[in-house]
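Me: Hi! I have a protein structure open and I'd like to go through it with you. Could you help me read it?

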Amino acid sequence: MIGLNLPRTGIESFPFPRKTQIAGVLSRRRAQYIAAASLLAKSIHSSIVSPSPLQPTISNTFRSTSGCERAYHDGRPRGSLWRGKKLIGKEAIFVILGMKRFKDDSEKLDKFIKTHALRLLKLDMVAVLNELERQGEVSLTVKMFMVIRKQDWYKSDVYLYKDLIVALARRKKMDDAMDLLQNMMEENLFPDSQTYMEVIRGFLQYGSPADAMNIYEDMKKSPDPPEQLPFRILLKGLLPHPLLRNQVKHEFEEFFPDQRVFDPPEEIFGLL
């Protein structure tokens, strides 16, 4: 039978791609889809799991030197840290910051106290006083104490006077210390032995033995029995002043007959 080479028509003549080419195209597209899907999944997972910079967590923020993870405060205000154990309110915090800001300008400080500190409630005033004393702002603490002293609810407190006078004497602010000591006696309060000791020491370090002797005379008039330490502080500080020292020594021996006083050699006495 004779075979005829007739031209192919219809479907047989359409140039279809090979199966290997189709498989390659599908594999490439599938790989692209898989890669895009994996990136999308990673971005969604990171946005859900990983914290933002404003919300640090325990796991990725602070690690101690021992390798254990623990929480820390990120610096943003929180109620428990801002109020604290002393229950410092927002108004009290504002007054504390304002007084510290204007402490070098007496005119602005007095104006700020009149416009803000006087408007505080009783608990806020006490909180401001305690916080300023805790921070070592003695002058501002005295300012706030004078505000409290003018309130109707104020009651005399010998321990508060003592803390303020001792703090002022240790900083050699003797004029302010004497003003508080005078106010204290006007309220029928008497300093204790430690208060007298710190004031006497402050005047001796300030270079004013005459004022130290005046405080010593007031101490002897106190209803409380004297203690040895103020006498010994005065005896040591009066070494350059033999006459005053001999007077204090004689009275010390009267108050404490069983105690002894060390006297330096005469040659040292002459050099002082």
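Predicted model: local features only at pLDDT ≥ 70, side-chain atom pairs only at ≥ 80, totals over all residues.

Me: Which residue does Glu-217 meet in a salt bridge?
Reply: Its partner is Lys-220, and the N to O distance is 3.2 Å. Both residues lie in helix α10, three residues apart, which is about one turn of the helix. Lys-220 counts as partly exposed too, at 28% relative accessibility.

Me: Why can side chains pair like that?
Reply: Side chains of opposite charge can pair when their charged atoms come close.

Me: And what about α10, which of its residues are buried?
Reply: The buried ones are Pro-209, Ala-212, Met-213, Ile-215, Tyr-216 and Met-219. They cover an arc of only 160° around the axis, so they sit on the same side of α10.

Me: What do those buried residues pack against?
Reply: They pack against four helices: α8 (174–186), α9 (193–206), α11 (228–237) and α12 (242–255).

Me: How does the span of α10 fit with its 12 residues?
Reply: At 1.5 Å a residue, helix α10 (residues 209–220) should span 16 Å, and its end C-alpha atoms are 17 Å apart, which agrees.

Me: Zooming out, how many helices and strands does the chain have?
Reply: There are 13 helices and zero strands. Of the 272 residues in the chain, 31% are buried. The chain exposes about 19,400 Å², with carbon and sulfur atoms supplying 57% of that.

Me: Which residues does UniProt list for "repeat: PPR"?
Reply: The UniProt entry, which is unreviewed, lists residues 157–191 and 192–226. In the model, residues 157–191 are 74% helix and 0% strand, with end C-alpha atoms 11 Å apart. Residues 192–226 are also 74% helix and 0% strand, and there the end C-alpha atoms are 9 Å apart.

Me: Back to salt bridges, how many does the structure hold?
Reply: The structure holds nine. One of them joins Lys-103 and Glu-137, whose closest N and O atoms are 3.3 Å apart. That pair links distant parts of the chain, 34 residues apart: Lys-103 is in the loop between α3 (90–101) and α4 (106–115), while Glu-137 is in the loop between α5 (122–134) and α6.

Me: Is Glu-137 buried or exposed?
Reply: Glu-137 counts as buried, because its relative accessibility is 16% and the cut-off for buried is under 20%. Lys-103 is partly exposed, at 39%.

Me: Which residue does Arg-134 pair with?
Reply: Arg-134 meets Glu-131 in a salt bridge, 2.5 Å from N to O. Both are in helix α5, three residues apart. Arg-134 is exposed, with a relative accessible area of 56%, whereas Glu-131 is buried at 9%.

Me: Last one! Where is Lys-143 found?
Reply: Lys-143 is in helix α6 (residues 138–149). Its relative accessible area is 34%, so Lys-143 is partly exposed.

Me: Which residues does Lys-143 touch, leaving out those up to four places away in sequence?
Reply: Lys-143 touches Met-99, Leu-109, Asp-110 and Ile-113. Met-99 and Lys-143 are 44 residues apart in sequence, and their C-alpha atoms are 9.5 Å apart in space.

Notes:
Residues numbered from 1 in each chain as written. Heavy atoms only, no water. Helix = DSSP H or I, 4+ residues; strand = E, 2+ residues; numbered from the N terminus. Buried < 20%, exposed > 50% of the residue type's maximum accessible area, 1.4 Å probe, protein only. Contact = heavy atoms within 4.5 Å. Expected span 1.5 Å × (residues − 1). Arc of directions from axis to C-beta. Areas by Shrake-Rupley, 256 points an atom, 1.4 Å probe, with all protein chains shown as cover. UniProt positions renumbered as here; feature names shortened; annotations may be inferred. Salt bridge = Lys/Arg side-chain N within 4 Å of Asp/Glu carboxyl O.
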